[in-house]
Amino acid sequence: MKHIFIINPNAGREDSSADVQQQITRYAEAHEGFDFLTYITTAPADATRFADRWCSEHPDQPVRLYACGGDGTLNEVVAGAIGHPNAQVSCFPCGSGNDYIKYYGSMADFTDLPRLVEGVPHPVDVMRITLPSTDHLRYSINICNFGFDAMVCKTGNDVRRAPIIGGSHSYTTGIIKSIFTSRSNYVRMSVDGQPFFDGKMLLCTLGNGRYNGGKYMCAPLSINDDGLLEVNLFRRMSLVKFASLIDDYSRGTHINRPDVKRLMLYRQATTVDIESPKPFWLVIDGEMLHASRYHVENLRHAITFVSPAGLS
């Protein structure tokens, strides 16, 4: 098998590409016959273009593509690997969030290169996002979110390399700003072709993974290979109620609170349609889209994802 490490030098608070390359080189020197290649991205979507091109040019060569960056880099690599049965995808995390891997284990697990190379493959689901006004397709392996959460993410991206308020604090910085600007968002939604919500809401997440924003367990019931995505929508609520919810939201216990259930709409689905009179932000694995309508479809077992050896 060919092992290709796709490295995003712009992931995280600082460029870690040299350190990642050193670790790969040391592993290769200690393991004769390890067939590998490194590629450093140069622009947005470059990881997608490279992965798709390499897999297309080598259709009979089994390959594992390691996204070396954050959730956005993993998103790009997944998009390039979609439709290529010869490709597996994994993640060597060096971004500011790396939320998808928390479904399986920790940063320490995934940066243990010997365990990652010897890892376990899992067929997993991927969401396909269509902008109905165009033929443009995007994909999400972890979480799509809109409303309050989307503005949090946008702010977090804007400050991710800033001192003090950036890095692992980016999402919290986004929350503080969005509390005052984005707690009421109008959308109309249908789920599996049936009306689901029409009104003003706080936020909504669509998930195959469980974590968002670095530490928030927004979809604790999610199973990433069952063919179903989790739809979790919060109605508009007071600032006091919202503040009381944040700790539970981070632990994933919000779904068990009786006082929250009347403010929350939850169900599983295979397709979701979302629209609003004005364009709004949809976040897919930390990447931003801006449109007034979206169609989201869950694709069962669309990708083979590899987790480190030794995890339960």
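Which residues touch the most other members of the largest nonpolar core? Select Leu 65, Leu 74 and Phe 305: of the 44 residues in that core, these touch the most other members. A nonpolar core here is a set of buried Ala, Val, Leu, Ile, Met, Phe, Trp, Tyr and Cys residues joined through side-chain atoms within 4.5 Å. Buried means under 20% relative accessible area, exposed over 50%, and partly exposed in between, with a 1.4 Å probe and protein chains only.

The model is predicted: local features need pLDDT of at least 70, side-chain atom pairs count only at pLDDT 80 or more, and totals for chains, interfaces and linings use all residues. Residues are numbered from 1 along each chain as its sequence is written, and side-chain values use heavy atoms, with hydrogens and water left out.

Not counting residues up to four places away in sequence, Leu 74 touches Ala 67, Val 89, Ser 90, Cys 91, Tyr 100, Ile 141 and Phe 305. Contact means heavy atoms within 4.5 Å. Then select Phe 146, Val 191, Met 201 and Leu 282, which are included in a second, separate core of 27 residues. In soluble globular proteins, nonpolar side chains tend to be buried together.

**The whole chain**

Zoom out and colour by secondary structure. There are nine helices and 15 strands; these are DSSP runs, helices (H or I) of at least four residues and strands (E) of at least two, numbered from the N terminus. The radius of gyration is 19 Å, close to the 20 Å that the globule rule gives for 312 residues, so the protein is as compact as a globular protein of that length. That radius is taken over C-alpha atoms, and the rule is 2.2 Å times the number of residues to the power 0.38. Along its principal axes the C-alpha trace spans about 60 × 40 × 35 Å. Buried residues make up 54% of the 312 residues. Among contacts between residues at least 6 apart in sequence, 72% join residues at least 24 apart.

**Aromatic pairs**

A search of the whole structure finds 15 aromatic pairs. Rings of Phe, Tyr and Trp (its six-membered ring) pair if their centres lie within 6.5 Å; planes under 30 degrees apart count as stacked, over 60 as edge-to-face and the rest as tilted.

Select Tyr 39 and Phe 50, a stacked pair at 4.0 Å centre to centre with 5° between the planes. Tyr 39 lies in strand S2 (residues 36-40) and Phe 50 in helix H2 (residues 46-57), so the pair ties together parts that are 11 residues apart in sequence. Tyr 39 counts as partly exposed at 21% relative accessibility, while Phe 50 counts as buried at 7%.

Next, select Phe 280 and Tyr 294, an edge-to-face pair at 5.2 Å centre to centre with 75° between the planes. Phe 280 lies in strand S14 (residues 271-284) and Tyr 294 in strand S15 (residues 287-307), so this pair ties together parts that are 14 residues apart in sequence. Both Phe 280 and Tyr 294 are buried.

To see a cluster linked by ring pairs, select Phe 5, Tyr 27, Phe 34, Phe 36 and Tyr 66.

**Loop aspartates**

What does the loop between S14 and S15 hold? Asp 285 is placed there. Asp 285 is not a glycine, yet has a positive phi of about 55°, and is buried at 4% relative accessible area. Most residues other than glycine have a negative phi.

Move to Asp 192, in the loop between strand S8 (185-191) and strand S9 (194-207). Asp 192 also has a positive phi, of about 50°, and is partly exposed at 31% relative accessible area.

Then select Asp 99, in the loop between strand S4 (87-93) and helix H4 (107-110). Asp 99 counts as buried, at 5% relative accessibility. Leaving aside neighbours within four places in sequence, its contacts are Asp 71, Asn 142, Tyr 211, Asn 212, Gly 213, Gly 214 and Lys 215.

**Helix H8**

Finally, select helix H8 (residues 239-251), which bends by about 35° at Leu 245. The bend is the angle between axes fitted to the seven residues ending at a residue and the seven starting there. The buried residues of H8 are Phe 242, Leu 245, Asp 248 and Tyr 249. Gly 252 follows H8 and has a positive phi, near 80°.
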